[in-house]
Amino acid sequence: MPLPNYIRETTQSVTLHIRLQPRASRDEIVSDPDAEQLKVRITAPPVDSAANKALLKFIAKSLSLPPRTVSLIRGDKSRSKVLLLTGTDAASVLAKLHK
């Protein structure tokens, strides 16, 4: 199965391109294999990095990863974000997103 555009694998990690929707009614991942970005809805407001912190915690929990292995590498003040996931591979990320 080919990887969606929002998952990119490097030698030791995976990058995940995300479109964040803060202040949603619930925390959820909306995956569309044809999309350029993975849509993630978070209930936290975009104030004082609350939405970013909630996003990192939610992605770590959703992908069964330790929270220290998920970091924000681009998009601190934007809705478009890039996360770095260390200690995993693209196939396992894809499997956990589409279960």
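**Entry 1: Arg23.** I started with accessibility: Arg23 comes out at 58%, so it counts as exposed, the cut-off being over 50%. Keep in mind that this is a predicted model. Where does Arg23 sit? I found it in the loop between strand S2 (13–21) and strand S3 (28–30). Then I checked its backbone: phi of Arg23 is near 55°, which is positive although the residue is not glycine. I noted that down because most residues other than glycine have a negative phi.

**Entry 2: Asp48.** I found another positive phi at Asp48, again near 55° and again not a glycine. Asp48 lies in the loop between strand S4 (38–41) and helix H1 (50–62). Buried or exposed, I asked myself about Asp48? Its relative accessible area is 70%, so I wrote down "exposed".

Entry 3: Next I went inside. In soluble globular proteins, nonpolar side chains tend to be buried together. Here I looked up the largest nonpolar core, which has 24 residues; Ile7, Leu16, Ile59 and Leu85 touch the most other members. S2, S4, H1, strand S6 (80–86) and helix H2 (90–97) each supply at least two residues of this core. Which element gives the most to it? That turned out to be H1, with 5 residues.

**Entry 4: Leu85 up close.** I picked Leu85 and listed what it touches, skipping residues up to four places away in sequence. The list for Leu85 includes Leu16 and Ile59, and also Ser13, Val14, Leu63, Leu65, Thr69, Val70 and Val93.

Notes
Residues numbered from 1 in each chain as written. Predicted model: local features only at pLDDT ≥ 70, side-chain atom pairs only at ≥ 80, totals over all residues. Heavy atoms only, no water. Helix = DSSP H or I, 4+ residues; strand = E, 2+ residues; numbered from the N terminus. Buried < 20%, exposed > 50% of the residue type's maximum accessible area, 1.4 Å probe, protein only. Core = buried A, V, L, I, M, F, W, Y, C linked by side-chain atoms within 4.5 Å. Contact = heavy atoms within 4.5 Å.
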